[in-house]
Amino acid sequence: MTKADILSHLPYTSPFLFVDELHEIDENGVTGSYTFDAGLDFYKGHFKDNPVTPGVILTETMAQIGLVCLGIYLSGSAEGGMPGHVMLTSTAIDFMKPVFPGEKVTVTAQKVYFRFKKLNCIVQMTNASGEVVCKGTIAGMVTNKMNA
C-alpha cells in the first residue's frame, strides 16, 4: 500500500483533514506533517487577539497521522485485505508548547501493538524547530465497517 493509497482512504475532508504529507510509513510506525492555515475557523475565537491551536486539534492531528494512517496501512497490508476504518478509543497527551497559525508540525508515531483489532501508538509532535510540542499515547480500533 502506497502513501497515496493511504491518503485516499482517509475519511476526512477540509476543513477537518489534518494531514498534508506522509514522509515514512511501515509496519512499525509513521511520520507525517501538516501546516495549520491561519485562516482556519477555530483561530477566530481561541484566545482573543492571540490565536493558538486548540489542544483537541493537536490531538486530532496526531490521531489522523499517527493512528488512522498507520491503521489503514496495517489493515490494508494484512493478508492483502482492504483498508479498514480506525476509530479513536483513548488518548493520554501532554502539551509542552503552543502551535500558532501558519506553523508546520511533524507527527511521529511508533506502534506499541496491533492485535485483536486494537492499535496502540506512542506519538510525538514537533514544530519546525524540532521542539516537542506534545507527546503521549493514542489507541483505536481498526474495523471493516464504521458501525462495527
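Reader: Where does F116 lie?

Author: F116 sits in the loop between β4 (104-115) and β5. Here helices are DSSP runs of H or I with at least four residues, strands are runs of E with at least two, and both are numbered from the N terminus. Bear in mind that this is a predicted model: local features need pLDDT of at least 70 and side-chain atom pairs count only at pLDDT 80 or more, while totals for chains, interfaces and linings use all residues. Residues are numbered from 1 along each chain as its sequence is written, and side-chain values use heavy atoms, with hydrogens and water left out.

Reader: Why is F116 called exposed?

Author: Its relative accessible area is 75%, and exposed means over 50%, buried under 20%, and partly exposed in between (1.4 Å probe, protein chains only). So F116 counts as exposed.

Reader: And what makes K117 exposed?

Author: The cut-off is the one just given; K117 comes in at 52%, so it is exposed. K117 is also in the loop between β4 and β5.

Reader: Which peptide bond is cis?

Author: The one joining S14 and P15, with omega about 15°. P15 is in the loop between α1 (3-8) and β1 (21-26).

Reader: Why is C121 called buried?

Author: Its relative accessible area is 0%, so C121 counts as buried. C121 belongs to strand β5 (residues 118-127).

Reader: What does C121 touch?

Author: Leaving out residues up to four places away in sequence, C121 has contacts (heavy atoms within 4.5 Å) that include G66, L67, L70, V112 and I138.

Reader: How many disulfides are there?

Author: Zero, from a search of the whole structure. C69 is in no disulfide, and the nearest cysteine sulfur, that of C121, is 11 Å away. A disulfide needs a pair of cysteine sulfur atoms within 2.5 Å.

Reader: How do you know that C134 is too far for a bond?

Author: The closest cysteine sulfur to that of C134 is in C121, 15 Å away, so the pair is too far apart for a bond.

Reader: Are C69 and C134 buried or exposed?

Author: C69 has 0% relative accessibility, so it counts as buried. C134 is at 0% too, and therefore counts as buried.
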